[in-house]
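Visitor: I would like to learn how to read a protein model slowly, one feature at a time. Could you take me through this one?

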Amino acid sequence: MDKTAKRQYLQFLITLGLAVYLADKWASGKLSYYINARFFPLTLFAVCALSLMAAAGWQQLAGKAAEKQVEHAPDKNILIFQAFGLTGTPVLLTLFLPKTMLILGVYVLTALLGWLLLLRYFHNLPGRPAAEALPRSALFILSLPLIIGLAAPEQPLSSASLDTRGISLNAPMSISQQSTDSLAVQQDDRTILDWVKLFNYESDPSTHIGEDVNVIGFVYHDPRLPQGEFMVSRFIITCCVADAFAIGMPVDWPQDTNFEDNTWINVQGTLDVTQIGSQTVPMVHAASIQPVSAPEQPYLYP
Amino acid sequence: MIKIADILFNKKRNLRISLALLALLAVFGLWYQRDTLAGNLSNFATVFLGIFIEALPFLLLGTLASGIVEVFLNPGVFDCLKGKSPLLSAAAGSLMGLVFPVCECGVVPLVRRLYKKGLPISSGIAFLLAAPVINPVVIASTASAFGFGQMVAMRVGFTFLVASLTGLVFTTIQNPSEVLQNGGEVFCSIEAHDHEHGEAGYKNLPFFSKIQRILLIAMDELFEMGRYLIMGSLLAAAMQTFIPQSFLLQVGGGPVLSVLVMISLAILLSICSTVDAFIALSFLGTFTNASVLAFLLYGPMVDIKSIMMFTHVFKRKPVAYLVILPLVLVILITVSLNYFWVL
């Protein structure tokens with residue numbers, strides 16, 4: 001097979017791979033580790049666009065192969081069938097069977113099948129000038145997200161990033177209706193974000209002292225806090241994890257069990273007020289703390 | 001002298017050098033933070049994938065739009081803009097985003113394609129800078145973050161001003177090959193061996209083949225432009241993981257410094273213009289309104305990923321103009337707002 005065709009085949013594979021990767025992230029719910037749920041439809045659009053591109057790419061390859069060997073030329077409908085079969089199957093499978101190993105298997109099988117089909121038609125295709133071939137760097141760089149995505153553990157942002165991001169005592173301000181609505185959230189359902197907002201917006205937050213608090217978050221030992229206190233925190237993302245910032249409430253836990261940073265906990269207790277620097281912030285007198293598994297949506301959306 | 005310039009600006013080698021520098025930066029960062037290495041590495045991957053997954057659909061929209069322009073738009077379509085007063089064609093370019101709603105990832109491939117169809121240079125430059133803000137989606141998202149008022153009006157108005165002025169600077173250039181890399185030739189693996197279809201030849205294709213052409217053009221452009229998006233995302237993720245943000249925030253007092261800090265944040269964070277208004281909100285308490293406006297004005301025009309894409313499409317002098325002119329204008333506008341008019 002000539003160089004141009006080889007690179008077109010790789011381009012087809014990478015495009016299909018990106019579609020499958022994104023579809024898998026969406027189907028397994030792990031997409032929420034990376035972007036705000038608001039943008040999931042856009043990712044689905046990307047999956048569709050990428051699979052259609054891969055289909056068109058396959059059709060171009062197979063069609064060209066067929067032109068060169070007229071006697072073996074499959075008719076056009078078969079080509080279209082092949083194109084959508086080869087690209088659609090893994091993507092559809094991903095959407096319905098979110099199991100990474102299985103999907104990887106189907107994907108590799110598709111790649112091999114495509115390669116064999118091409119060899120069948122392509123083995124003595126005359127070479128075209130190399131200048132037309134896609135640059136090698138493009139193929140390499142476009143496969144980086146796939147490589148990093150498969151090699152790196154699927155994890156939401158962890159407290160390790162607080163060293164560079166810091167922890168914020170302010171809720172994101174917004175004039176939009178949606179955001180001020182959350183002041184009306186029932187006390188039992190209030191998240192860390194709702195409590196922090198309450199303290200930012202209300203003129204006299206001390207009226208809330210003594211109310212029951214029940215929040216989930218991860219542990220972060222803020223150096224500003226005294227011994228026996230730590231932060232229960234969440235990351236807030238507006239768009240994607242690139243804009244994440246953490247907010248937190250100090251937890252007063254007299255038992256002082258040593259929770260490690262980044263442990264997910266459910267804190268129940270009563271609300272109190274404390275000062276960090278010059279700022280009044282809500283804090284929790286914990287009555288009980290239970291380690292829990294990380295929630296499916298690890299971040300809160302403002 | 002020319003030889004020195006050739007040595008200095010060898011594109012292929014510069015790409016390699018910047019890749020090597022990136023690797024070096026990464027290695028240094030890893031060594032510097034080796035204690036928290038494991039956590040940081042997985043955070044780096046998460047942030048990189050986050051930026052990539054978020055930006056990819058927008059880049060795809062841009063490349064698909066570019067494919068549609070290539071296949072369905074006739075080459076003479078922009079003749080009406082030629083020969084008009086330079087002011088008018090730059091202003092028209094600034095407002096074209098209302099017709100082609102793309103953000104800063106998608107606008108670069110689209111602009112190159114529009115040049116191929118005969119768009120005047122000044123209109124294209126104005127479009128490139130203004131489209132990420134002056135389009136329905138971004139105006140709506142800014143309004144939903146800040147309310148429909150002063151901030152939206154100033155964002156749209158000043159973007160229009162800055163983009164049109166920068167476009168005007170390019171008025172004297174008539175031939176696209178003076179500003180574009182490779183004389184504006186677009187890499188495409190399909191056109192080269194389909195000469196019979198040529199420039200205006202898409203008309204005669206059946207509809208299904210037209211769609212296939214659009215998809216193939218979009219895929220080629222995804223690979224061409226995606227390179228810069230991915231390298232930009234890697235760089236942005238590395239900076240976010242290894243450089244404390246509080247460092248910038250601590251610097252940030254004062255009418256001039258706060259503007260500079262917000263502009264550097266806009267460049268570093270590389271957030272898509274469709275959502276940057278929500279991010280900007282969270283800075284309102286810490287910074288003056290005018291410096292938040294600087295973030296909203298400059299971020300969509302220039303950031304790490306778009307600079308990388310610019311260098312692929314434009315020659316280096318136009319890229320320098322594209323980065324520096326808006327920078328100076330935005331600083332002038334927002335610093336004087338800081339001094340003379342408190343929002």
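Guide: Let us begin with a term: helices and strands are DSSP runs, numbered from the N terminus, and the model before us is a predicted one.

Visitor: Where does Asn214(A) lie, and how many other C-beta atoms are within 10 Å of Asn214(A)?

Guide: Asn214(A) belongs to strand 2 of chain A, and because 15 other C-beta atoms lie within 10 Å, Asn214(A) is partly exposed.

Visitor: How many bridges join strand 2 of chain A to strand 3 of chain A, and do the two run parallel or antiparallel?

Guide: Strand 2 (residues 212-220) of chain A is joined to strand 3 of chain A by three bridges, and the two run antiparallel; Val219(A), for instance, stands opposite Val232(A) in strand 3 of chain A. On to the next pairing: strand 3 of chain A and strand 4 (residues 245-252) of chain A, also described as antiparallel, are joined by eight bridges, and Glu229(A) has Asp252(A) in strand 4 of chain A as its bridge partner.

Visitor: Is strand 3 of chain A mostly covered or mostly open?

Guide: Strand 3 (residues 229-236) of chain A is mostly covered, as seven of its eight residues are buried.

Visitor: How many helices and how many strands does chain B have?

Guide: Chain B has 15 helices and zero strands. Of its 343 residues, 51% count as buried, and among the contacts in chain B with a separation of 6 or more, 85% come from residues 24 or more positions apart.

Visitor: What describes two packed helices?

Guide: Two packed helices are described by the angle between their axes and by the distance between those axes. In chain B, the axes of helix 5 (residues 104-116) and helix 6 (residues 121-130) come within 10 Å and cross at roughly 165°, and these two helices of chain B are therefore roughly antiparallel to each other. Their crossing is right-handed. In this contact, Val107(B), Val111(B), Leu114(B) and Tyr115(B) of helix 5 of chain B meet Gly124(B), Phe127(B) and Leu128(B) of helix 6 of chain B, and by class these residues are six nonpolar, one polar and no charged.

Visitor: At what angle do the axes of helix 5 of chain A and helix 9 of chain B cross?

Guide: The axes of helix 5 (residues 136-151) of chain A and helix 9 (residues 207-242) of chain B cross at roughly 50° and come within 9 Å, and the two helices are therefore oblique to each other. This crossing of helix 5 of chain A and helix 9 of chain B is left-handed. Residues making the contact include Ile141(A) and Leu142(A) of helix 5 of chain A, and Phe223(B) and Arg227(B) of helix 9 of chain B; by class, the contact has eight nonpolar, two polar and two charged residues.

Technical notes: Residues numbered from 1 in each chain as written. Chains lettered and ligands numbered in written order. Predicted model: local features only at pLDDT ≥ 70, side-chain atom pairs only at ≥ 80, totals over all residues. Axes fitted to C-alpha atoms, helices over the stretch in contact; angles between N-to-C directions. Helix = DSSP H or I, 4+ residues; strand = E, 2+ residues; numbered from the N terminus. Parallel < 35°, antiparallel > 145°, perpendicular 65-115°, else oblique. Left-handed = near helix turned anticlockwise from the far one by under 90°. Contact = placed C-beta atoms within 7 Å. Nonpolar A, V, L, I, M, F, W, Y, C, P; charged D, E, K, R; others polar. Buried ≥ 20, exposed ≤ 12 C-beta atoms within 10 Å, placed from the backbone. Pairing = 2+ DSSP bridges.
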